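This report covers a charged surface patch and a group of aromatic rings. The sequence and structure come first.

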Amino acid sequence: MTISQRTVSPHLFYTILTLSCGFVSMANAAEATPQQPSNNMQTSNGKNTESVLNYIPKWVDATPTILPEQSSQPVVPPVSETEERTWVDRKQRDIREWADRTSVKIDDWFGEVDPEKPASATIRLMLDNYWNEYDNYEVKPRIRGKIKLPTLEKRLSLVFGDDSLDDEFDNHISSTNQQPNQDPDKRFDSKQSRDNNGSVALRFSDLSKKLPFETNADIGLRSGSDIYLRLRAKKDWQLNNDFSFNAEQIYRYGSKSENYLRTNLELIHARPNQAFLSNQLSLTYADKQDDDLRWDNRTFREHQFFAHNRFNYGIYTGGYYNDNDLRLNSWGPFISWRQPLWREWFYVQGDLNYFNDHREDRDHYVRTFVRLETLF
């Protein structure tokens, strides 16, 4: 790293921190003084006018729609009814039970196990498929697991697999291929797959109950040799008129990957039993990325037509800040669908994006993503 890069880094850290604090201050202000009119919200005769933000749901409500109403009706049978039906069902149950037994054994290393509060494990196994006309077809297997260890005061767990999944929003949508294979002729890069899924760490949750936000810390190993420490803080605010605001700050330092800082900010308008509106903004700084700072923003609406279903559509904008140059690099519409298929533990997700890429001199083009996901 050059001297100029070292001097830029602190400024970028302060920039991200200032943006985060600014959004948090706005959320606090909106929550703390909901009834206080401002000069900008008064008409000439003294009557209050509504915030522009509150007009957005009204505009959406006024738009005609042919989509079905919201529903939580299940469309697949529960696991208790299917786990003996086929060989695949029995194998899914066996792996799930093996994972729970293994978590109990690990928990026993740290003290006496409480039979009424046994340890448990959750595992996500994903097969991500990407295609576009420039990069062709790529497939990426991904795994992420977590073992809860209640013996250690319910604050310690073991996490493993692709740790980048933890950097995403809780309601992550419209996936894109952030790390394409270095060899464009390869559909599957086994080495890259091993590195991406080769993370293991101990996670300490709820570091202090005195803090006004949720916290956790990971210490572990990434990509086989990158020893790292990861800190995460998150807080949710309930605002007026069915709005809420979520802020999340992630910082990681690795012996090889060095500094990584990500800010996730989300503003949501959600009313009971209705589709919701969301705007998700993420800012990313990393010593190992080409740009000083990257940003991504998605504005979308989400529907749920049956239990565990998700249907999203919206607009994406993304760009970068590099060498004092702030750029909009790509934008376009996207649509995403996710649902359980045949079983409660098997999910299918399909995304269709139509973005451009100024840096690569690519006009708007179709990108597709299909994820097959099994839960244990």
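## Negative patch

The model is predicted. D108 belongs to helix α4, which covers residues 87–108. Its relative accessibility is 47%, so D108 counts as partly exposed, the class between the cut-offs of 20% and 50%.

On the surface, D108 is part of a patch of negative charge, together with E112, D114 and E116.

## Aromatic pairs

A pair of aromatic rings is described by the distance of the centres and the angle of the planes. The structure holds 12 aromatic pairs. One of them joins F305 and F311, with 5.8 Å from centre to centre and 35 degrees between the planes, a tilted arrangement. F305 counts as buried because its relative accessibility is 13%. F311 counts as buried as well, with a relative accessibility of 13%.

F311 also pairs with W337; this pair is tilted, at 5.6 Å centre to centre and 55 degrees between the planes. The F311–W337 pair links distant parts of the chain, 26 residues apart: F311 lies in strand β11 (residues 310–322) and W337 in strand β12 (residues 325–340). W337 has a relative accessible area of 32% and is therefore partly exposed, whereas F311 is buried.

## Ring cluster

Which residues do ring pairs link into a cluster? The members are F305, F306, F311, Y313 and W337.

How values were computed:
Residues are numbered from 1 along each chain as its sequence is written. This is a predicted model: local features need pLDDT of at least 70, side-chain atom pairs count only at pLDDT 80 or more; totals for chains, interfaces and linings use all residues. Side-chain values use heavy atoms; hydrogens and water are left out. Patches are made of residues with over 30% relative accessible area and no salt bridge: like charges are joined within 9 Å, nonpolar side chains (Val, Leu, Ile, Met, Phe, Trp, Tyr) within 5 Å. Accessible areas come from the Shrake-Rupley method with a 1.4 Å probe; for residues, only the protein chains shown count as cover. A salt bridge is a side-chain nitrogen of Lys or Arg within 4 Å of a carboxyl oxygen of Asp or Glu. Lys and Arg count as positive and Asp and Glu as negative; His and the chain ends are not counted. The place of a charge is taken as NZ of Lys, CZ of Arg, CG of Asp or CD of Glu. Helices (H or I, at least four residues) and strands (E, at least two) are DSSP runs, numbered from the N terminus. Buried means under 20% relative accessible area, exposed over 50%, partly exposed in between (1.4 Å probe, protein chains only). Rings of Phe, Tyr and Trp (its six-membered ring) pair if their centres lie within 6.5 Å; planes under 30 degrees apart count as stacked, over 60 as edge-to-face and the rest as tilted.
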